[in-house]
Amino acid sequence: MAEAVMNYDEAISKFDPVLGLEVHVELGTNTKMFCGCSTVFGAQPNTQVCPVCLGLPGALPALNKIGVESAIRIGLALNCEIATWCRFARKNYFYPDMPKNFQTSQYDEPIAFEGYLDVDIETDEGRKTFRVPIERAHMEEDTGKNSHVGGAAGRIHGADYSLVDYNRAGIPLIEIVTKPITGTGKYAPEVAKAYVAALREILRGLGVSDVKMEQGSLRCDVNLSLRDTPESKLGTRSETKNVNSLRSVERAVRFEVSRHAARLAAGDTVIQETRHWHEDTGISTSGRIKSDAEDYRYFPEPDLLPIAPSREWVEELRATLPENPVVRRARLVADWGLSEIDMNTVVNSGALNLIVEAVAAGVEPAAARKWWTGELSRIANDRGLEIDDVPVTPADLKRLEELISSGALNDKLARQALEGLVAGEGDIDAIVKVRGLAVVSDDGPLLAAIDEALAADPAVAETIKSGKLAAAGSVVGAVMKATRGQADAARVRELLFEKLGVSE
Amino acid sequence: MSDLIRKNASELAELIASREISSVEVTQAHLDRIAAVDGDVHAFLHIDTAGALSAAADVDAKIKAGEKQSALAGVPLGLKDIVASKGLPTTCGSRMLEGWIPPYDATVVTNLRNAGVVILGKTNMDEFAMGSSTEHSAYGPTHNPWDLERIPGGSGGGSSACIAAFEAPLAIGTDTGGSIRQPAAVTGTVGVKPTYGAVSRYGLVALASSLDQAGPCARNVLDTALLHSVIAGHDPKDSTSINEPTPDVVSAAKRGDIKGMTIGVVKELGGEGYQAGVQSRFTETVELIQSLGANVVEVSCPSFPAALAAYYLILPSEASSNLAKFDGIRFGLRVGDDGTKSVEQVMSETRAAGFGDEVIRRIILGTYALSAGYYDAYYGQAQKVRTLIARDFAAAFAKVDVLISPTAPTTAFKIGEKLDDPLAMYLNDVATIPVNMAGLPGMSLPIGLAPEDNLPVGLQIIAPAMADDRLYNVGAAIERELLVKWGGPILGLAPELAGA
């Protein structure tokens, strides 16, 4: 049963949206937050567990120092203050994916708080910066993962039985919570998306997480409420979970604005609830009703000592922060001689770091950009890969470029070589050899192919001779086809004109 | 054989080390004793005959091979059933964990095994250590060897009773509000709650994490110290474990010299509510201490009267969370899983069936105390009381070296006498609780029998954090004099058990 929605533009003309974003990041530590179990993704269920992360009677947590370090670095990168003293707390609730039936988290004493992140979006008035205020970033542990078998669509309700995999239980998480984001107006969906994208860039740059949304290492909950005007008090919010791609973040905001608006315009109230986002249909559906009165009975975790990061340690960690992405972007735009629009294409492709790495390996910026935003993006898209997972190294691109500039490969052959790389056929040189990718530089076969092409289309020679040089294209194309792309098109053209006695 | 079971642990260890007797013989003697008397005492929930004899044989083999052994190698021990032991049932005295075999050893158990201590089996206790009489065990009460009609204290009644009944010379207890010291007092044995963080809590099934502490139980001060030094030490698996060297408790237990020390009598821990015979033995002990050249002063700790109330907010609060994991999903009892019920129903039915009344009472109390809107008034307020108690202790220890009081207000009461009156039961720990609230070390030492009932009375000795050695020094000084006065160990005055 689909809920009524109002056209987005109409909704925005009537109401002022207020956003809130909660992002959970799985840290890329080798071991879990409170035990030594591996965090590698994709292992057989319940093989990366021990008495601690299974919550066996008697087991106790021991804090992962790298987890704390990562939390502090994230806090610093988000311009947060770092607590001088903070504690873990227990968040008590019963659920089968929680081994202890409480989550070890932070409550009123987060390790990082009061920060912000500036994000740029394109507006009708050009590029504009929005400052997203960050309330806190705190440490916690992930839960296990439930699979509900039978019944409706993997939901617990109506399932025949449920299975729990505790491999994920205890993996370090950082939860980053914004304050209410106001003043975005109609750009709320774009600001939300840009925030998550910018956050992802920062986290990737810090090297603290692989930030793969589709594997759940970066998970986003979108809170949204509407109010009549920017001066009105905040409306009732919905919390949309499972928003697991950048595109979905934007769409979920848009959808919720339209849904809230329809309810409010019809005189209904918005229900404070958790909603599930459906990537396929682009709508959210009601989850559980959530009230502020939900009582997790938080209290300080007595099994862990308070954390009191010394200011010296914090400053040491600050010194390890990579360049701020905004500053870095400006620098790269200058270094590479790009327009802002080109840079947007690069950033949106998700390949910025890949290009930086290729340039560092000696590839010309223009070439690196061309391959990553063009052919390699297309390959990733076709194969359903994240761009980061395309198996092409900076060294591969460098070798490819060498072969092109020496004339051994042309553009078309280079693309075939990349296909071969992604297909796992070996390194560039091996692929070139096995696939027989080489520009035909011997004029003999080319002249033969030209003769064949002219014979197949007797009229074309006269047309060219009459001065319509553009007609040469069809001959060159035929020669390229006959030589399976291995001909040097420029040489073919040269030979053709020579043969016909015309000059360019 | 009977003379073997009456020997101290230190004597047994020496005999075993010098190969005058084997650990197997010693272990078998205790297993025989258990077979003879435990039907009446019920100190043990599980006896590991094969494991104990095998561990004993290992020690014998190593000694024969000339390997250097610990000071307690080959000596048998009773392990409280709240301590996780690999391959051995660990029920915590609850139906909830009936049949659960831990896949890992608590650090305490690892330390014991490494020292060649022979684990005879698991001792009875109040369910999840909630109680002062061991009557709350789901497997039936333990009986006090001094009078089988009476309680052996709790929650670690099995550990104290097995020592008092000569079923083992050593035992491990855990003490959250007095569960080592009060049983020691009412069974005429010695028990020590070390400084919080001195002994790893890894593998102790948690009752109240900020109060729990494992400790040694034995029949005399030196044996207690030897066991203390085996189990104590820093453990990275327990974040609250103190990373400092363990005080030299064994030397202190051998020293026993209190001349020139200042010893404080806690004014608030005595008088009204304390049995006359308990009070009179305590007063005699104060005089004894003075006669040994120590200076005795009275010290007031004005916050102590609030300790019991605060404790019964903090303990249930932490326990309500610690015991949440018992839900039938991953281990232990599962009730109602007939394929028709939701996971919530199965969890709920499991918990209703698996927990006894006292456990349920405290879970409800704690859940309430932590609830939004009540947290500040209850849990928050209780934590402030805790701070005040710590300040009282700090002020006292600025003036004195150790503090003393009776361990428990009464001698052992009759089984069933206080079972329907939780408040009366809770009052047993009125003198021991402040020590846990401040994380300090405390000892209970037998100081005689109450004239009116001929049952043992315990003296509590309290020291500053990480000054556990002072307990042993003071305890040893008093014990030496009392042994002379009694003409031998106090347990020599206990009636012979019928089964023996």
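A crossing of two helices is left-handed if the near helix is turned anticlockwise from the far one by less than a right angle, and right-handed if clockwise. By that rule, H14(A) passes H16(A) in a right-handed crossing. This is a predicted model: local features need pLDDT of at least 70, side-chain atom pairs count only at pLDDT 80 or more, and totals for chains, interfaces and linings use all residues. Residues are numbered from 1 along each chain as its sequence is written, while chains are lettered from A and ligands numbered from 1 in the order in which they are written.

**Chain A overall**
- Chain A has 17 helices and 14 strands. These are DSSP runs, numbered from the N terminus: helices are H or I with at least four residues, strands are E with at least two.
- The C-alpha trace of chain A spans about 90 × 55 × 55 Å along its principal axes.
- Of its 504 residues, 39% count as buried. Buried means 20 or more other C-beta atoms within 10 Å of the residue's own; exposed means 12 or fewer, partly exposed in between, with C-beta atoms placed from the backbone.

**The helix pair H14 and H16**
- Helix H14 (residues 443-456) and helix H16 (residues 472-482) of chain A pack at about 125 degrees, with axes 9 Å apart. Axes are lines fitted to C-alpha atoms, for helices over the stretch in contact, and angles run from 0 to 180 degrees between N-to-C directions.
- That angle makes H14(A) oblique to H16(A). Under 35 degrees counts as roughly parallel, over 145 as roughly antiparallel, 65 to 115 as roughly perpendicular and the rest as oblique.
- Residues making the contact include A:Leu446 and A:Ile450 of H14(A) and A:Val475 and A:Val479 of H16(A). Contact means C-beta atoms, placed from the backbone, within 7 Å.

**Nonpolar cores**
- A nonpolar core is a set of buried Ala, Val, Leu, Ile, Met, Phe, Trp, Tyr and Cys residues joined through C-beta atoms within 7 Å.
- The largest has 243 residues; among those touching the most other members are A:Ala137, A:Tyr195 and B:Leu72. Helix H3 (residues 188-206) of chain A gives the most to this core, with nine residues.
- A second, separate core of 40 residues includes A:Val363 and A:Leu446.

**The sheet in chain B**
- An open sheet of 11 strands in chain B runs E1-E3-E2-E4-E6-E5-E10-E11-E9-E7-E8, with mixed pairing. Two strands pair if DSSP finds at least two bridges between them.
- Its edge strands are E1 (44-47) and E8 (295-299) of chain B.
- Four bridges join antiparallel strands E9 (residues 402-406) and E11 (residues 456-462) of chain B.

Definitions and conventions: Contact = placed C-beta atoms within 7 Å.
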